Amino acid sequence: MEFLNTADQVRYQRMTNAELREAFVVEALFAPGQLQLTYTDVDRAIVGSAVPTDSSLTLPTHKELASNYFCERRELGIINIGGAGFVSVDGEKHSMHKLDSLYVARGSESVSFASDDAANPAQFYWVSYPAHRVTKTLHIPQSKAKQVALGDLGSSNERVIYQSICPGIVDSCQLVMGITQLNKGSIWNTKPPHTHKRRTEVYMYFDLPDTERVFHFMGQPHETRALALAPRTAIASPSWSIHSGAGSCNYSFIWAMGGENQQFDDMDHLTLAEIG
Ligand SMILES: O=C(O)C(=O)C[C@H](O)C(=O)CO
Ligand SMILES: [Zn+2]
């Protein structure tokens, strides 16, 4: 397991791009045949990926979790961004098509990942937070997610937010998670930008060609920095930071939040005049 130690709201202002990347970005994701884990210090979110090819991959625990198994005190939100596959939770198989979500409840002892076709492997991405009670594991096909259409083409931010792991759909503890898809011709996510002191957030950009980038804006509203992120890269957003991006083309991203509350709409919106 890797560890991501984010910088504080003063120190990030003096950092080079390479230092900002080191402190906020999770780049080593989605290696074929491998499972990867990064423990962040934003509300103890653990970010991970698994790309099973010829054999299945099993979610391990780690010394720093001091647990007998990964979900002993944790919940897990998994989304597949690749070919069809399945996730087995304590022996129960959940088929996962592209963009399906799976909520894995605290207390689930074994979690493993497999692809239907090694030549077109599933690409599982997940975010996990500590969980204070036992709830139920649930599979959510993308069609069952709450859909919210936002923005317009004239402002280059026409997009659909799919809220799959959220109150009303899944009984989770901290985790709120879903996918935002930008329509062709739109490049801006999270416009207008916002913060939410009550929650931290992790974004993971995907579904754009390898040659394209998303310019992700982070930092305090009056002192922002931009990082050019390649596809399948995640970035942690501390509670004091905006999180908004402009792509060199349209794209999708998975967002996941944890913290004080689970209210998606609880945001402190900013006007662009407040961004520096
Ligand atoms: O494009 C958007 O707007 C988003 O996807 C917003 C994120 O979901 C978010 O930041 C929720 O707090
Ligand atoms: Zn947010």
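Trainee: Is Leu4 buried or exposed?
Mentor: This is a predicted model, and Leu4 lies in strand β1, residues 2-4. A residue needs 20 or more other C-beta atoms within 10 Å of its own to count as buried. Because Leu4 has 21 other C-beta atoms within 10 Å, its class is buried.

Trainee: How far apart in space are Leu4 and Val26, C-alpha to C-alpha?
Mentor: Leu4 touches Val26, Thr38, Thr40, Asp41 and Ala236, not counting residues up to four places away in sequence. Leu4 and Val26 are separated by 22 residues in sequence, and the C-alpha to C-alpha distance is 7.8 Å.

Trainee: How many residues of strand β4 are buried?
Mentor: From β4, Ile46, Gly48 and Ala50 point one way, while Val47 and Ser49 point the other way. The residues on both sides are buried. For β4, residues 46-50, the count of buried residues is therefore 5 of 5, given the cut-off of 20 or more other C-beta atoms within 10 Å.

Trainee: Which residue of β11 stands opposite Val47?
Mentor: Two pairings of β4 deserve attention here. Strand β3, residues 35-40, runs antiparallel to β4 and is joined to it by 5 bridges, with Leu35 opposite Ala50. Strand β11, residues 124-130, also pairs with β4 in the antiparallel sense, over 5 bridges. In that pairing, the residue opposite Val47 is Val127.

Trainee: Which residue in the hairpin of β3 and β4 takes a positive phi?
Mentor: The hairpin has 5 residues between its strands. A positive phi near 50 degrees is found there at Asp43.

Trainee: Which are the edge strands of the open sheet?
Mentor: The open sheet has 7 strands in the order β2-β21-β18-β23-β15-β14-β13, with antiparallel pairing. An edge strand pairs on one side only, and this applies to β2 (25-26) and β13 (146-150).

Trainee: Which residue of β23 stands opposite Thr200?
Mentor: Strand β18, residues 199-206, pairs with β23 in the antiparallel sense over 8 bridges. Across this pairing, Thr200 faces Gly258.

Trainee: Which elements give two or more residues to the shell around ligand 1?
Mentor: The residues around ligand 1 are Arg159, Ile161, Thr180, Asn189, Thr190, His196, Glu201, His243, Trp255, Met257 and Met267. Two or more of these come from each of β14 (159-165) and β23 (252-259).

Trainee: How many residues of the shell around ligand 1 are polar?
Mentor: By class, the shell contains 4 nonpolar and 2 charged residues. The number of polar residues in the shell is 5.

Trainee: With which residues is Val104 in contact, leaving aside neighbours within four places in sequence?
Mentor: The largest nonpolar core has 69 residues, and Val104 is among those that touch the most other members, as are Val87, Val202, Met204, Tyr205 and Ile254. Beyond its sequence neighbours, Val104 is in contact with Cys71, Glu75, Leu76, Ile78, Val89, Val111 and Thr137.

Trainee: What is the radius of gyration of the protein chain?
Mentor: The protein chain has 1 helix and 24 strands, and buried residues make up 44% of its 276 residues. Its C-alpha atoms fill a box of roughly 55 × 40 × 35 Å along the principal axes. The globule rule gives 19 Å for 276 residues, and the chain's value is close to this, so the chain is as compact as a globular protein of that length: its radius of gyration is 18 Å.

Note on methods: Residues are numbered from 1 along each chain as its sequence is written. Chains are lettered from A and ligands numbered from 1 in the order in which they are written. This is a predicted model: local features need pLDDT of at least 70, side-chain atom pairs count only at pLDDT 80 or more; totals for chains, interfaces and linings use all residues. Helices (H or I, at least four residues) and strands (E, at least two) are DSSP runs, numbered from the N terminus. The radius of gyration is taken over C-alpha atoms; the globule rule is 2.2 Å times the number of residues to the power 0.38. A residue is buried if 20 or more other C-beta atoms lie within 10 Å of its own, exposed if 12 or fewer, and partly exposed in between; C-beta atoms are placed from the backbone. A residue is near a molecule or strand if its C-beta atom, placed from the backbone, lies within 6 Å of it. Ala, Val, Leu, Ile, Met, Phe, Trp, Tyr, Cys and Pro count as nonpolar, Asp, Glu, Lys and Arg as charged, and the others, Gly among them, as polar. Two strands pair if DSSP finds at least two bridges between them. A nonpolar core is a set of buried Ala, Val, Leu, Ile, Met, Phe, Trp, Tyr and Cys residues joined through C-beta atoms within 7 Å. Two residues are in contact if their C-beta atoms, placed from the backbone, lie within 7 Å.
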